Amino acid sequence: MQDNLRRKTRTVMVRDVAIGSDAPISVQSMTKTDTADVNATVRQIRQLERCGCDIIRVAVLNHNAALAIGKIKPRIHIPLVADIHFDHTLALRAMEQGADKIRLNPGNIRKPQHIEAILAAARHYRVPIRIGVNSGSVPRRRGHDLVRDITRAAQEYVAAFRKRGFDQIVLSLKTPDVRTTIESYRRMAELTDLPFHLGVTATGLAEQATVKSSIGIGALLLEGIGDTLRVSLSGEAREEVRIGLAILAAVGLRNPGIEIIACPTCGRCSLDLVPLVKQVERRLWPLRQHFTRRPLRVAIMGCVVNGPGEAQDADIGIAWGKGRGILFKQGKKMRTVNKDELLDVLYAEVRNEMDAVSSSHA
Ligand code: SF4
């Protein structure tokens, strides 16, 4: 964990998950089901729990959806956030039903008496609130400095909460533009000690979403800004979680358990490497939680040019060449491996490492 540069913030508890200060940066996602369809929503949340999702948000667009929260909650394990727009009574119902956090959009719940009712309930149920500013719904002011408009909208809403003695707040300032998003969070970081939920919004399909989120979220994390995150993409929620975790691992803020190093392949590669790497990843994925101190590095390299070097630097490595692979362990050449046995050999070696780690912890 290279988080010594982390911005100092308050800590906000979302049930048993801390956001801010020294707490691990949590990964969030949002269900893509109709929240009122309890079975479908629970199924999706459980799937996301298995992928490593720490906090889940559901859309609450009517009273049936708010009532469904009471039925969903006992069947899931991670904290649940109710996403509220326009109608403050939905926030009240969601909290009655056990929502662990509320997300409000300052652009569409503005009446002081509605804000007061929500804050009174949030205090009563000990529920924090994310003020989720979105560039699409901030009031545009003269001159159209979007960063200024976004940060001002956030400041005004925070001031309205604090005036009423409420400070269990997480802030987000999302836009579809990477630079504007980064600049908005940077500017806000100078103005408040509230924890931040990071995200670039409406990023599109997986490829573009991955690039935009990695740059936007990754740049802020490297500056020590950010306490929880969501990758938003037009696609499966599971992808959002996987990409979120990969971003954290890439900036050294989450131990991925097992790190697979694979060469990009080129004309020298005599092995169908990509499907093999996918198979290895799938097979090793369930073992990743056993490597808690540091990630186990597994290298799969396609030829003898760079292959042996990379394979030697990894904990376990295969360098392919002349129809066979050379197996390396902790830098030492062990033996040659045939294509047919490659997957099983790698799996067995990782299991051996796992046993060695477990006995050293015992
Ligand atoms: Fe090409 Fe070999 Fe490098 Fe893989 S390791 S990209 S096959 S040169």
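1. I begin with a local feature of this predicted model: Tyr157 and Phe161 both belong to helix α5, which spans residues 146-163, and they are four residues apart, or about one turn of the helix.

2. A search of the whole structure finds three aromatic pairs. Tyr157 and Phe161 form an aromatic pair whose ring centres lie 5.2 Å from each other, with 40 degrees between the planes, an arrangement classed as tilted.

3. On the overall layout, the protein chain is divided into domain 1, covering 3-250, and domain 2, covering 258-361. The centres of domain 1 and domain 2, taken over C-alpha atoms, are separated by 38 Å.

4. Helix α1 (residues 38-51) packs with helix α8 (residues 237-250) at an angle of about 20 degrees, and the two axes are 9 Å apart. Angles under 35 degrees count as roughly parallel, and α1 and α8 are therefore described as roughly parallel to each other; the crossing in which α1 passes α8 is right-handed. On the α1 side the contact involves Gln47, Leu48 and Cys51, which meet Ala237, Arg238, Val241, Arg242 and Leu245 of α8. Sorted by class, the contact of α1 with α8 has five nonpolar residues, one polar residue and two charged residues.

5. Helix α8 also packs with helix α7 (residues 206-222), and here the axes come within 10 Å and cross at roughly 40 degrees. The orientation of α7 and α8 is therefore oblique, and the crossing of α7 and α8 is right-handed. From α7 the contact draws on Thr210, Ser213, Ser214, Ile217, Gly218 and Leu221, while α8 contributes Ile243, Ile247 and Leu248. By class, the contact of α7 with α8 has five nonpolar and four polar residues, with no charged residues.

6. A further helix pair is formed by α3 (residues 88-96) and α4 (residues 112-125), which pack at an angle of about 10 degrees with their axes 9 Å apart. That angle makes α3 roughly parallel to α4. The residues in contact are His88, Ala91, Leu92, Met95 and Glu96 of α3, together with His114, Ala117, Ile118, Ala121, Ala122 and Tyr125 of α4. In terms of class, the contact of α3 with α4 has eight nonpolar, two polar and one charged residues.

Notes
Residues are numbered from 1 along each chain as its sequence is written. This is a predicted model: local features need pLDDT of at least 70, side-chain atom pairs count only at pLDDT 80 or more; totals for chains, interfaces and linings use all residues. Side-chain values use heavy atoms; hydrogens and water are left out. Domain bounds come from an automatic or database domain assignment. Axes are lines fitted to C-alpha atoms, for helices over the stretch in contact, and angles run from 0 to 180 degrees between N-to-C directions. Helices (H or I, at least four residues) and strands (E, at least two) are DSSP runs, numbered from the N terminus. Angles under 35 degrees count as roughly parallel, over 145 as roughly antiparallel, 65 to 115 as roughly perpendicular and the rest as oblique. A crossing is left-handed if the near helix is turned anticlockwise from the far one by less than a right angle, and right-handed if clockwise. Contact means heavy atoms within 4.5 Å. Ala, Val, Leu, Ile, Met, Phe, Trp, Tyr, Cys and Pro count as nonpolar, Asp, Glu, Lys and Arg as charged, and the others, Gly among them, as polar. Rings of Phe, Tyr and Trp (its six-membered ring) pair if their centres lie within 6.5 Å; planes under 30 degrees apart count as stacked, over 60 as edge-to-face and the rest as tilted.
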